Amino acid sequence: MPAMIPDEATRRRLIESVARAMLDHADELTALDQAIGDGDHGINMKRGFEAVMADIDTHAAKPLPEALASVGMALVMKVGGASGPLYGTLFMTLGKHLPAEPDRTALIAAFGAAIDAVKARGKSDFGQKTMLDVLGPVHAALASGGDLDAAADDAAEATVPMKAIRGRASFLGDRSIGHMDPGARSSALMVHAVTAVLEPSA
Ligand code: ADP
Ligand code: MG
């Protein structure tokens, strides 16, 4: 990933890209959650990112750290499910740790801190069939200069044989095996949405 200096237009495109991905894939995310959860992940993400889009001018006008914080806050406030506070924590912690003009090193450090914050908030860890099982491998790919899109898709696919230990899917025990985790899929979609803006040639 190249050094990024996200001006207002780029911040707007980033937010729009992630929001559009969530809105366009709401039905798919809900179908995944119907298999191992309560069938609302797509609805939750759609509600959260519709609220983000309603204030896009305000978010995009802010410097990157504050923009991430206000997007995260909107998700915390608008999403009822577990994913709202967790993604909200992810965005808010990125905002707390990123400088306004981050280089790759700063991004790696901030993303690591944001993943740790999600773990703390969710009392969760890698290997439990959650969004963390995509966020962790994408962070590793970022640190090693790997392909972020491939890492995200492979990691989401790798949640299929996992048994859920956290979140509603854990209530199913062994019956959670054989389905992709909805939050893993939404995380992979967010990664694609970000790389599409920051690495348009990829
Ligand atoms: P809810 O589970 O409240 O219905 P969603 O359906 O919107 O909320 O989100 C479910 C997703 O949230 C799961 O697929 C999983 O990836 C993620 N998730 C749930 N609980 C946790 C947790 N404790 N730690 C990390 N991720 C979690
Ligand atoms: Mg759900």
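The largest pocket in this predicted model takes up about 510 Å³. A pocket here is an open set of points on a 1 Å grid over the protein atoms alone, with protein on both sides within 12 Å along at least five of seven lines, and a lining residue has an atom within 4 Å of a point. The volume is the space filled by probe spheres set on the points, which are joined across faces, edges and corners. Of the 25 residues in the pocket lining, Ala82, Ser83, Leu86, Gly167 and Arg168 sit closest to the centre. Helices α2 (26–36), α3 (41–54), α6, α7 and α10 each give two or more residues to this lining; helices are DSSP runs (H or I, at least four residues), numbered from the N terminus. By class, the pocket lining splits into eight nonpolar, 10 polar and seven charged residues. For this count, Ala, Val, Leu, Ile, Met, Phe, Trp, Tyr, Cys and Pro are nonpolar, Asp, Glu, Lys and Arg are charged, and the others, Gly among them, are polar.

The largest cavity holds about 600 Å³, and among its 28 lining residues the closest to the centre are Leu68, Phe91, Leu94, Leu107 and Val194. At least two lining residues come from each of α1 (8–24), α5, α6, α7 (104–122), α8 (132–144) and α10, with α10 giving the most, six residues. The cavity lining comprises 25 nonpolar, two polar and one charged residues.

Helix α10 (residues 182–198) also carries Arg185. This arginine counts as buried because its relative accessibility is 16%; buried means under 20% relative accessible area, exposed over 50%, and partly exposed in between (1.4 Å probe, protein chains only). The side chains of Arg185 and Glu28 are joined by a polar contact of 2.5 Å, that is, a pair of N or O atoms within 3.5 Å where, within protein, one must be able to donate a hydrogen and the other to accept it, and residues adjacent in sequence count only if both atoms are side-chain atoms. Apart from neighbours within four places in sequence, Arg185 is in contact (heavy atoms within 4.5 Å) with His25, Glu28, Leu29, Leu32, Asp153 and Met180.

Thr30 belongs to helix α2 and is buried, at 11% relative accessible area. Beyond residues up to four places away in sequence, Thr30 touches Gly39, Asp40, His41, Gly42 and Ile43. Asp40 turns up again at the magnesium ion (ligand 2), where the protein donors are Asp33 (OD), Asp38 (OD) and Asp40 (OD), 2.1 to 2.2 Å away. Donors are N, O and S atoms within 2.8 Å of the metal (3.2 Å for Na, K and Ca); water is not among the atoms, so sites may look incomplete. Along the chain the donors are spaced D-x4-D-x1-D. Asp33 is buried at 8% relative accessible area, while Asp40 is partly exposed at 21%.

Val79 sits in the loop between α5 (64–78) and α6 (83–97) and is buried at 6% relative accessibility. Leaving out neighbours within four places in sequence, Val79 contacts Asn44, Gly48, Gly84 and Pro85. Val79 and Ala51 lie 28 residues apart in sequence and 9.4 Å apart in space, C-alpha to C-alpha.

Residues are numbered from 1 along each chain as its sequence is written, chains are lettered from A and ligands numbered from 1 in the order in which they are written. In this predicted model, local features need pLDDT of at least 70 and side-chain atom pairs count only at pLDDT 80 or more, whereas totals for chains, interfaces and linings use all residues; side-chain values use heavy atoms, with hydrogens and water left out.

Definitions and conventions. 1 Å grid on protein atoms, 1.4 Å probe; cavity = no way out; pocket = protein on both sides within 12 Å on 5 of 7 lines; lining within 4 Å.
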